Amino acid sequence: MYREEIEKYIDSHRQEMIDDICLLCRINSEKTSYLEGKPYGDGASKALALALSMAEKYGFSINNYDNYVGTADLNDKEKQLDILAHLDVVPAGEGWTVTEPFEPVEKDGKLYGRGTADDKGPAVAALYAMRAIRELGIPVSKNVRLILGTDEECGSSDIRHYYDVEEEAPMTFSPDGSFPVVNIEKGSLAGHFTAEFEPSEALPRVISIHAGTKVNVVPGKAFAVFEGLDDDLVREVSEGVEKETGVSFEIQGRNHTLEITAVGVGAHASLPTEGKNALTALLLLISRLPFAECGQIEALHNLVKLFPCNDTAGEALGVAMEDELSGALTLAFDLLEVDGGSLDATFDSRCPICSNEDNVLEPARRRLAEHGFTLTNESMTPPHHVDGNSDFVKTLLNAYEAYTGRKGTCESMGGGTYVHTLKNGVAFGAAMPETDNKMHGADEFAVIDELLVSAKIFAQVIADLCA
């Protein structure tokens, strides 16, 4: 019911929807330092203000929760459905070729720019679904609320702030994954560990290492400074490492040192096989060079043992596992800072339903300790699972099938969304299963037709669940 009206409405508002997405994506809403009244910095606050002004312009009642979260309500009736989206983005990174990160462009049916897929494009698609219901006069007896957060990429403290004062809706979906329905989200352990060692001036030596931008991003670049090595030797060894890993090395002499840049391919940490980890390749290079023995070099060699290139299952760390519903554990070594006397590092692991602290956290702690590292974590995030046979999930799948002609199924994902801690929350859209939209990487894009069909599906879901 209402499908013809919904499809006509969304198709007729195609350009307007794209324009609104572009307005939001021109704002760099990466989390920055706290400013008074702006908990995640100026960019996130600007994006939230713009999105709320759009919602208000389209006739929705809005609320701003201290610049952590904003909301738009379809009506003032009984709470029924929440749609959770976010306006913050991961750092722009390097390697963009189609456009600059915050200059969105439409090309070949795709909308390129940071945030087009994750998650500003889907957020606007949800807003237009609500517009369709409202402006078409489709009768609903319960409310749907669009919730717009600003800290999803860096820990979701925003949504915790929101639920400190608001109750969950009976049903919630987040358009921050892919279709059909993601009813299982893996648990996670962002394993932070440290080590200290006696400084050494003996040559050759590693002066410093810097790698990674965020724990949930496979590093596309990693940097090191060497002293006391011949650059021809480093180049020769690096060529061999490049053949093995696909990661290349840029080497530049400066003030009696060599500056090394490992250049790989960034990716979302939940999909580590889609990237080429510059950090693990850099460590492999270091392990094959004749540095003077010292505590630092011993620690770096141990990192190669614990996080070898291409081990994205946690075998070396002793945490590899899988189950039928949610698949295998994944692991990415994403952050590392090293100087002459200390090391600070973090790995990202996404853990299946069968995981718990006894079979992931504690084995990782023991294995790291055996190699001289101290894991600081006291807990991990458990997996999330919603019954795929519930009326809520079946309604989502029915709408997906009706508008795509595809079979709707329940899926598992490694990435965590806003619904991870909600009793009856799932990820739903806004990309088709086969679409690799380069989320968290260079040249991120959303397929415009997928955003349009998402808006149609969301509108149908609202009509069906809130009738």
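How many nonpolar, polar and charged residues does the lining of the largest cavity have?

Mentor: This is a predicted model, and what follows is computed from it. By class, 10 nonpolar, five polar and two charged residues make up the lining of the largest cavity. The space in the largest cavity comes to about 100 Å³. Of the 17 residues that line the largest cavity, Ala117, Pro122, Ala430, Ala431 and Asn437 are the closest to its centre. Strand E25, which spans 430–431, supplies at least two residues of this lining. Strand E26 (445–447) and helix H11 (448–465) each supply at least two as well. The largest share of the lining of the largest cavity is three residues, and that share comes from E26. In total, the count is three cavities of 30 Å³ or more.

Strand E19, residues 330–338, gives the largest share of the lining of the second largest pocket, three residues. By class, the lining of that pocket has nine nonpolar, seven polar and two charged residues. For comparison, the lining of the largest cavity has 10 nonpolar, five polar and two charged residues.

Notes: Residues numbered from 1 in each chain as written. Predicted model: local features only at pLDDT ≥ 70, side-chain atom pairs only at ≥ 80, totals over all residues. Heavy atoms only, no water. Helix = DSSP H or I, 4+ residues; strand = E, 2+ residues; numbered from the N terminus. Nonpolar A, V, L, I, M, F, W, Y, C, P; charged D, E, K, R; others polar. 1 Å grid on protein atoms, 1.4 Å probe; cavity = no way out; pocket = protein on both sides within 12 Å on 5 of 7 lines; lining within 4 Å. Points joined across faces, edges and corners; volume = space filled by probe spheres on them.
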